[in-house]
Amino acid sequence: MMITRRAFTAALSLTGFAALAGFSPLRLVTDAMAQSAADIAKPQSLPDMALGPANASVTITEYASMTCPHCAAFAEKVFPKIKSEFIDSGKIRYVFREFPLDIKAAAGSMLARCIAKDDAPKYFAVIDLLFKQQNDWVAKNTTETLARIGKQAGLTQTQVEDCLKDQALLDKIAADQKFAAEVLKVQSTPTFFINGEMIKGEQSFEEFSKRINSLLKS
């Protein structure tokens, strides 16, 4: 689904932050563009959150939704192995991009951006925490749990509320989501691009390892 002001307001105002009603309409990407490896490599509205060297010969770009259970399973079971084997050794670059499938996912992505700012390792730590606590903040008490996570990361209640009322940030997440859907043809999460090649759905570490090692040898 595409993020809208009305849906975002309705979803979060049920559990707090009533001031979200003042959101203005989203700015959306409208230019028709063709998909290419260059389109995938280039960040759009938001700067990329990435681990690993910028000049790595292999780049994995993941599009994920913070409320997606398959994304959470991948983050728990597969990503740590990829990180240990390929990212920490400097063999690949790993880029994480937000593709919220619902309003709560957008809120989780906004909080992660506000907590981490430009600190990529911190961002990855926050999204890991959000995935691990997914059942808590998605199924119930969304804003209360997000506020608690924000406070644990050093934000005040006011800062968390200001974050979730940040129209410019929501606009950028919505624009990047629209670009990924319309230009890159991302339709579900998780979706991965390995050096531009799309891979849909949760994959095993063995599958990633086979593809990565093949590219490293070429």
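This is a predicted model: local features need pLDDT of at least 70, side-chain atom pairs count only at pLDDT 80 or more; totals for chains, interfaces and linings use all residues.
Which residues lie nearest the centre of the largest pocket?

1. Residues are numbered from 1 along each chain as its sequence is written, and side-chain values use heavy atoms, with hydrogens and water left out.

2. Arg113, Cys114, Lys117, Asp166 and Leu169 lie nearest the centre of the largest pocket, among 15 lining residues. On a 1 Å grid over the protein atoms alone, a pocket is an open set of points with protein on both sides within 12 Å along at least five of seven lines; a cavity is a set where a 1.4 Å probe fits but cannot get out; lining residues have an atom within 4 Å of a point.

3. The volume of the largest pocket is about 290 Å³, a volume being the space filled by probe spheres set on points joined across faces, edges and corners. Helix H5 (103-116), helix H9 (157-164) and H10 each supply at least two lining residues; helices (H or I, at least four residues) and strands (E, at least two) are DSSP runs numbered from the N terminus.

4. The second largest pocket has a volume of about 170 Å³. Of its 12 lining residues, Ile40, Ala41, Thr59, Thr61 and Val95 lie nearest the centre.

5. One cavity of 30 Å³ or more is counted. The largest cavity has a volume of about 120 Å³, and its 15 lining residues include Gln44, Asp48, Tyr63, Arg97 and Asp176, which lie nearest its centre.
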